[in-house]
Amino acid sequence: MHVLSVSSLKGGVGKTTVTLGLASAAFARGVRTLVVDLDPQSDVSTGMDIQVAGRLNVADVLANPKEKTVRQAITSSGWTKVHPGTIDVMIGSPSAINFDGPHPSVRDVWKLEEALAAVEADYDLVLIDCAPSLNALTRTAWAASDRVVVVTEPGLFSVAAADRALRAIEEIRRGLSPRLQPLGIVVNRVRPQSIEHQFRIKELRDMFGPLVLAPQLPERTSLQQAQGAAKPLHIWPGDSAQELAGDFDALLDRVMRTGRIPAPEAPTGA
């Protein structure tokens with residue numbers, strides 16, 4: 001089971017939409033996937049058509065990461081109405097904010113790792129939608145992860161935020177979790193005609209080289225529309241949605257190669 005955290009240290013760059021795009025790509029390909037909604041805003045749970053009534057959630061898991069609690073906090077995405085496949089969600093909750101203090105104990109930092117160990121046989125890929133800060137929730141996610149993808153946009157503060165994130169990943173790798181590595185930087189919401197955007201992407205490439213992943217993701221409303229309708233991007237109509245779906249397929253290829261995730265024998269999907 002390969003665990004990938006989707007992180008940004010700056011709000012509003014589309015971190016959750018990147019998580020949903022990767023989840024849609026994995027579902028279309030038949031990869032057994034669990035999405036952990038660790039952002040207290042819980043937008044991933046909404047975008048994946050989750051019925052939360054009567055279920056435990058990620059806050060319960062962080063309070064008590066035993067297998068019974070973990071399994072009761074995981075439910076199948078409503079996306080499976082589209083076509084069969086394993087695409088589950090560990091349900092998000094605003095209460096997760098209670099676990100996001102600035103100085104987590106070592107015991108707290110390893111709780112998600114302990115929880116995921118209970119379901120390791122059930123999934124090939126885990127995507128964690130992280131909180132947009134460097135407090136306890138993000139550290140807990142990274143301690144449970146093999147790789148981190150840093151989401152940014154081509155703006156004035158993007159280089160500084162990406163640099164801060166990569167330094168923090170290195171700090172966690174050295175201090176806590178030697179297996180942790182950056183997958184790279186995903187540049188989101190790109191307008192190819194914008195000279196400013198091209199300048200910022202060059203700046204990112206000059207500073208971080210091959211860590212800047214291709215393809216960069218263009219600014220499209222189709223992803224927000226699919227998210228608002230709680231549907232996977234890969235079944236959303238229109239050329240722009242399909243172009244973006246192809247970009248997420250290419251990013252998933254990178255994730256699967258890096259994580260040595262075996263390709264499913266028969267794709268189940270869109």
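Are α1 and α11 roughly parallel or roughly perpendicular to each other? The angle between helix α1 (residues 15–29) and helix α11 (residues 239–259) is about 80°, with the axes 9 Å apart, so the two are roughly perpendicular. On this scale, angles under 35 degrees count as roughly parallel, over 145 as roughly antiparallel, 65 to 115 as roughly perpendicular and the rest as oblique. The axes are lines fitted to C-alpha atoms, for helices over the stretch in contact, and angles run from 0 to 180 degrees between N-to-C directions. Helices themselves are DSSP runs (H or I, at least four residues), strands likewise (E, at least two), numbered from the N terminus.

Before going further, some ground rules: this is a predicted model, local features need pLDDT of at least 70, side-chain atom pairs count only at pLDDT 80 or more, and totals for chains, interfaces and linings use all residues. Residues are numbered from 1 along each chain as its sequence is written, and side-chain values use heavy atoms, with hydrogens and water left out.

Back to that crossing. From α1, Thr17, Val18, Gly21, Leu22, Ala25, Ala26 and Arg29 meet Phe248, Asp249, Leu251, Leu252, Asp253 and Met256 of α11; contact means heavy atoms within 4.5 Å.

Also in α1 sits Leu20, which counts as buried because its relative accessibility is 5%. Buried means under 20% relative accessible area, exposed over 50% and partly exposed in between (1.4 Å probe, protein chains only). Leaving out residues up to four places away in sequence, Leu20 touches Val44, Gly47, Met48, Trp79 and Gln227. Val35 is 15 residues from Leu20 in sequence, and their C-alpha atoms are 8.8 Å apart.

Next, two other helices, with expected spans taken as 1.5 Å times one less than the number of residues.

| Helix | Residue count | Expected span | End-to-end C-alpha distance |
|---|---|---|---|
| α9 (195–208) | 14 residues | 20 Å | 20 Å |

In α9, the buried residues are His197, Arg200, Ile201, Leu204 and Phe208. Seen down the axis, they fall within an arc of 100°, so they line one face of the helix; the arc is that of the directions from the helix axis to the C-beta atoms. Ile195 and Asp206, on the other side of α9, are exposed.

As for α8, its buried residues include Val159, Leu166, Ile169 and Ile172. Among the elements covering the buried residues of α8 are α7 (136–143), β6, β7 and α9.
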